[in-house]
Amino acid sequence: MTAPASSSPVPRVAVIGGGPAGLMAAEILAAAGVAVTVHDRMPSLGRKLLMAGRGGLNLTHSEPLPAFLGRYGAAARRLAPLIEAFPPAALRAWAQGLGQETFVGSSGRVFPTALKASPLLRAWLARLAGLGVAFKLRQTWAGWDASGALMFRGADGATAAERPDAVILALGGASWARLGSDGAWAPALAAEGVALTPFAPANSGFKIAWSPGFADRFAGTPLKGVAVSFAGRTVRGEAMITRDGLEGGAVYALSAALRAAIARDGSAVVEIDLRPDQSAAQLAAKLDRPGRGDSLANRLRKALNLAPVAANLLREAHGRDLPADPAALAAAVKAAPIVLTAPQALDRAISTAGGVTLDAVDDALQLRARPGVFVAGEMLDWEAPTGGYLLQACFATGAAAARGVLEFLSQRERKGPAA
Ligand SMILES: Cc1cc2nc3c(=O)[nH]c(=O)nc-3n(C[C@H](O)[C@H](O)[C@H](O)COP(=O)(O)OP(=O)(O)OC[C@H]3O[C@@H](n4cnc5c(N)ncnc54)[C@H](O)[C@@H]3O)c2cc1C
């Protein structure tokens, strides 16, 4: 789709927020001939994308699309057509076009071979500059003034008003505020009558009242190859002991259900299987051959190859007096109950649940309360586990919002300036 052509002046679009969603929208709009300005409150763009690059930059996932779309839970129905229009294969081809080959890791996750974001972001910003995109940095969007103009606050506190033909808001979630997205945009949208769901940490760790000795000794130690279960769902992976809790992929994947249970019941109990590859009977058989004089910790290490962190976790879970009986001890290893008391602070979460409700936007991601204003990325109310689903949805919604803007501009052109 291209912008309205011919004698009319080139339409001007403000993209506010220069993360993956906003930059993708800017690229599509600029390629269609629109005059695009990207505004961002930070001195440089894509800071959270660069942070994601520290973990290798898991861009997307290679699983079949139906399973992929299922990862978005309640939001899947609304996001599906947008992701189908910009699916994982399109994202990989786009990255390749920027000189970033991708590969599928053993878990099906897709990464750039560079395993970082900086080369991709550099090439992307150069492409955008080549397309004529203008960048206005250190400009914080502060809502609309009484005349309907966008208000921006500069670093010096001075305000500026802008009146573009259309707007894309891609302001991110409300975690890792030091990277730019702080959620401070919410009151400006609420004042316009836009329905918002309160922010909540997604893909977050949880607080646990470890005994002081355990926290001192094991904070920062991973529990490798475990399975974490909650409410009938089991996730295999890694979990990391923190000073006051537990984080890591296996916990993040359960975080939406855990968050809801804690809000309802005040706490939630996960069960950790420390040896998920072996049955309780197999473990019991191994434990049934005690070495003479071995302590319980030594028995667990020698018979089951349990690391000290895992053996000590058993005591945190079951109390100091673990059963000596092999079957009972094996059962304890297969299901260590750990009480989670609260999600970690929102600012530490990998992503944010809540934000602009999907009912507040139409299928083109245009705000029903504010025609001509479109919303993309993490500021929309959807959540998904880690695994590349977050970035994929940010890129896809950025692309969808850009298509929506092009359609909006051409409809306006057809109706004439009075419309
Ligand atoms: C540590 C970490 C690792 C991650 N790893 C992965 C990963 O491997 N794979 C994955 O899929 N996802 C990952 N994510 C999540 C992913 O990075 C985000 O979901 C994604 O960056 C969100 O994109 P976005 O464009 O919606 O918002 P952001 O990237 O947050 O960009 C929003 C932009 O808006 C600007 N802004 C905000 N408010 C204003 C305002 N009022 N005025 C002007 N500008 C404003 C911000 O400065 C920012 O530049 C990770 C996140 C973290 C924190």
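This is a predicted model: local features need pLDDT of at least 70, side-chain atom pairs count only at pLDDT 80 or more; totals for chains, interfaces and linings use all residues.
Visitor: How is the protein divided into domains?
Guide: Domain 1 covers 12-201 + 351-415, and domain 2 covers 206-343. Their centres, taken over C-alpha atoms, are separated by 38 Å.

Visitor: How many residues make the contact between them?
Guide: Domain 1 contributes seven residues and domain 2 contributes six residues. On the side of domain 1 that touches domain 2, four residues are nonpolar, two are polar and one is charged.

Visitor: Now the ligand. Which residues are closest?
Guide: The ligand is surrounded by 37 residues, and the closest are Gly17, Gly19, Gly172, Gly180 and Gly377. Two or more residues of the shell come from each of α1 (20-31), α2 (47-53), β7 (139-144) and α15 (389-415).

Visitor: Which element gives the largest share of that shell?
Guide: Helix α2 does, with five residues.

Visitor: Turning to the interior, what percentage of the residues count as buried?
Guide: Of the 419 residues, 46% count as buried. As for contacts with a separation of 6 or more, 70% are made by residues 24 or more positions apart.

Visitor: What about the largest nonpolar core?
Guide: The largest nonpolar core has 79 residues, and those with the most contacts inside it are Ala25, Leu29, Ile168, Val375 and Val405. Helix α15 supplies the largest share of this core, 15 residues. A second, separate core has 45 residues, including Leu254, Ala284, Leu304 and Leu314. As a general point, nonpolar side chains tend to be buried together in soluble globular proteins.

Visitor: Which residues does Val375 touch?
Guide: Leaving aside residues up to four places away in sequence, Val375 touches Leu169, Val356, Val361, Leu365, Leu367, Leu380 and Ala401.

Visitor: A change of topic: which residues of α14 are buried?
Guide: In α14, which spans residues 326-334, the buried residues are Pro326, Leu329, Ala330, Ala332 and Val333. These residues lie on the same side of α14, because they cover an arc of only 160° around the axis.

Visitor: Finally, the backbone angles. What is the phi of Trp176?
Guide: Trp176 has a positive phi of about 55°, although it is not a glycine. Trp176 is located in the loop between β10 (166-169) and α7 (186-190).

Visitor: Is Trp176 buried or exposed, and why?
Guide: Trp176 counts as buried because it has 20 C-beta neighbours inside 10 Å, and the cut-off for a buried residue is 20 or more.

Visitor: What is the phi of Ala231, and where does that residue lie?
Guide: Ala231 also is not a glycine, and its phi is positive, at about 45°. Ala231 is found in the loop between β13 (222-230) and β14 (233-242).

Visitor: Is Ala231 buried or exposed?
Guide: Ala231 is exposed, because 12 other C-beta atoms lie within 10 Å of its own and a residue with 12 or fewer counts as exposed.

Conventions:
Residues are numbered from 1 along each chain as its sequence is written. A residue is near a molecule or strand if its C-beta atom, placed from the backbone, lies within 6 Å of it. Helices (H or I, at least four residues) and strands (E, at least two) are DSSP runs, numbered from the N terminus. Two residues are in contact if their C-beta atoms, placed from the backbone, lie within 7 Å. A nonpolar core is a set of buried Ala, Val, Leu, Ile, Met, Phe, Trp, Tyr and Cys residues joined through C-beta atoms within 7 Å. Domain bounds come from an automatic or database domain assignment. Ala, Val, Leu, Ile, Met, Phe, Trp, Tyr, Cys and Pro count as nonpolar, Asp, Glu, Lys and Arg as charged, and the others, Gly among them, as polar. The arc is that of the directions from the helix axis to the C-beta atoms.
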